[in-house]
Amino acid sequence: MADPKKVLIIDDDPAICDSVRAVLESVGFHADIAYSGKDGVAAFRRIKPDIVLCDMMMEDLDAGAKAARLMRQDRPTVPIFLLSSIGDATAETVGFGNLGFSGIFQKPVNFDLLLAVMGRLAKS
Amino acid sequence: MPTLGEIFDRNPEPDAFRASVESLNGDFPFDTAAMIALGEAYFRRHPDSSHDRDRASVLIGYGLVRVCAVERILRNLSPSSRAFFRAVFKDPAKVGPLAERFSKEILSADLAAVEAEMTGVRQEIEGIPKGPIKERFVGGISHLCTVLYLVRMQVKKMGGNP
């Protein structure tokens, strides 16, 4: 990847942030981290990432959705993916589009799938 | 043998719980019932609700799950391989540098053994009813699964067959 794409990881679990960042950087992405929805929105405005990976339950149960809505208002076309341990349930009951997400990845994340999606986005 | 729930009731502080579980060398019940019992014991001490989610308590929950899962999935490895996986679970950025100490054959075989154990753990977690206990277990193992993916990537780089 000649021009590393910037990814913002928003998750209140530092261990998850570290391991996801290690995977992304091993395949050529540049990854930044925020530990709350509020900090994530601030980082989004400061860093201007190409892709966002965001948890749902952080300082509030719906902190991820609140953050996604604010990020969407700023830059409507940026892909924002929900990475959540309740991802499947969220998709079934609410629908990720209604929450401002481009897609949902259930934890533990299938990285073969996630990296394939991100790779396509990085080329586009 | 005490259950994980009983161990937590007697050792609710994370470091004490870790030490107690690690002393068992992975030899403890870790089926769905044991997971639910541990979760119930944890939530008695760290109650959660839809309007009150305390980050520190959540991270303690993930930590308890990780202690148990790590002991379980590493139980059949050599001491040096256990040390490797413990180190990379703690700091995923060390996968590359630390993996160089192993041959691709050994790392590949160890990874296969650990992933087989993790598959068993995940099957037991699937049996937990949807709710906060399941969320802590899923969130807890997610980091471990991501690190195992990193190790698999490393084995591929070394020319092995993960």
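**Notes on the salt bridges and the A/B contact**

1. Start with B:Glu22 and B:Arg86: their side chains form a salt bridge at 3.9 Å, N to O (the term means a side-chain nitrogen of Lys or Arg within 4 Å of a carboxyl oxygen of Asp or Glu). B:Glu22 sits in helix 2 of chain B and B:Arg86 in helix 5 (residues 79-90), so the pair ties together parts 64 residues apart in sequence. Helices here are DSSP runs (H or I, at least four residues), numbered from the N terminus.

2. A word on the source: this is a predicted model, where local features need pLDDT of at least 70 and side-chain atom pairs count only at pLDDT 80 or more, while totals for chains, interfaces and linings use all residues. Residues are numbered from 1 along each chain as its sequence is written, and side-chain values use heavy atoms, leaving out hydrogens and water.

3. B:Glu22 also has a salt bridge with B:Arg18, at 3.7 Å, N to O. Those two are four residues apart in helix 2, so about one helical turn separates them. Salt bridges with shared partners join B:Arg18, B:Glu22, B:Glu71 and B:Arg86 into one network.

4. Now the meeting of the chains: 22 residues of chain B and 26 residues of chain A take part in the contact (heavy atoms within 4.5 Å). B:Arg53, B:Arg55 and B:Tyr149 supply 29% of the area chain B buries against chain A, more than any other three residues (buried area is the accessible area, 1.4 Å probe, that two parts lose on being put together, summed over both).

5. One salt bridge crosses this interface: A:Asp13 with B:Arg66, at 2.5 Å, N to O.

Notes:
Chains lettered and ligands numbered in written order.
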